Amino acid sequence: MKAQIVFASMTGNDEDMAEILEENLQDAGFDVKNIDVSFADATSYLDADLCVMVTYTYGEGVMTDELKDFYDQLITLDLSGKKFAVMGSGDKTYKDHYCENVDDFEKAFIKCGAVEVAKPVKIENAVDDEDIDLIDQATEEIVEAFND
Ligand SMILES: Cc1cc2nc3c(=O)[nH]c(=O)nc-3n(C[C@H](O)[C@H](O)[C@H](O)COP(=O)(O)O)c2cc1C
């Protein structure tokens, strides 16, 4: 099974999340590609069985230019038959905008026809041990969905 992870990260927190998920999925037998959104083309999801977006949220939920470009490409795709998961890091002090871009990408994948196979993982700032547990749990949900 092929997994395509795309991550958006400025200070490294989301990159760390993506790397943990990448290792987990490799351990579960997936052929994983993990790429920074700055170098990614959303069409790379077309070649994957599992599509994952790991994203920051900055600016009270308004997407950065690089994220918006990627999002605009993504929403043109037909991803029916594919499975997806989203996760990301934010900060609860931003209240209603907490991890808002994670929600944006969840909605986008649904619009593209993909099926969500893990509860979105939202963490605060840097990854800690409890956050690793959440990523591990999401991995288990993903693996189960492929075993069904
Ligand atoms: C200027 C600024 C704006 C931010 N806006 C939001 C926001 O709207 N919502 C949110 O959940 N987090 C917000 N954050 C927190 C970051 O998303 C959080 O620190 C995240 O871990 C950064 O991820 P990264 O290390 O992958 O870049 C903001 C942080 C900064 C510095």
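The model is a predicted one, in which local features need pLDDT of at least 70 and side-chain atom pairs count only at pLDDT 80 or more, while totals for chains, interfaces and linings use all residues. Residues are numbered from 1 along each chain as its sequence is written.

The protein chain holds four helices and six strands, arranged from the N terminus as β-α-β-β-α-β-α-β-β-α. Here helices (H or I, at least four residues) and strands (E, at least two) are DSSP runs, numbered from the N terminus. The radius of gyration of the protein chain is 14 Å, close to the 15 Å from the globule rule for 148 residues, so the chain is as compact as a globular protein of that length. That radius is taken over C-alpha atoms, and the rule is 2.2 Å times the number of residues to the power 0.38. The C-alpha trace spans about 40 × 35 × 25 Å along its principal axes. Buried residues make up 40% of the 148 residues; a residue is buried if 20 or more other C-beta atoms lie within 10 Å of its own, exposed if 12 or fewer, and partly exposed in between, with C-beta atoms placed from the backbone. Among contacts with a separation of 6 or more, 78% are between residues 24 or more positions apart, a contact being two residues whose C-beta atoms, placed from the backbone, lie within 7 Å.

Helix α1 (residues 13-27) has 15 residues and should span 21 Å at 1.5 Å a residue; its end C-alpha atoms are 22 Å apart, which agrees. The expected span is 1.5 Å times one less than the number of residues. Buried residues of α1 are Asn 13, Asp 14, Asp 16, Met 17, Ala 18, Leu 21 and Leu 25, and they pack against β1 (2-8), β2 (31-36), β3, β4 (83-90), β6 and α4. Just after this helix, Gly 29 takes a positive phi of about 100 degrees.

Helix α1 also takes part in the ligand shell: α1 and β4 each supply at least two of its residues. Of the 21 residues around the ligand, Ser 9, Thr 11, Asn 13, Asp 14 and Gly 90 come nearest; a residue is near if its C-beta atom, placed from the backbone, lies within 6 Å. The shell divides into six nonpolar, 11 polar and four charged residues, where Ala, Val, Leu, Ile, Met, Phe, Trp, Tyr, Cys and Pro count as nonpolar, Asp, Glu, Lys and Arg as charged, and the others, Gly among them, as polar.

Strand β4 pairs with β6 in the parallel sense over four bridges, pairing requiring at least two DSSP bridges. Gly 88 stands opposite Lys 122 in β6.

Lys 92, between β4 and α3 (100-111), counts as exposed with 11 C-beta neighbours inside 10 Å. Leaving aside neighbours within four places in sequence, Lys 92 is in contact with Tyr 98 and Glu 124. Most residues other than glycine have a negative phi. Glu 60, however, has a positive phi near 55 degrees; Glu 60 lies in the loop between β3 (50-55) and α2 (65-74). Asn 125 likewise has a positive phi near 55 degrees, in the loop between β6 (121-124) and α4 (129-147).
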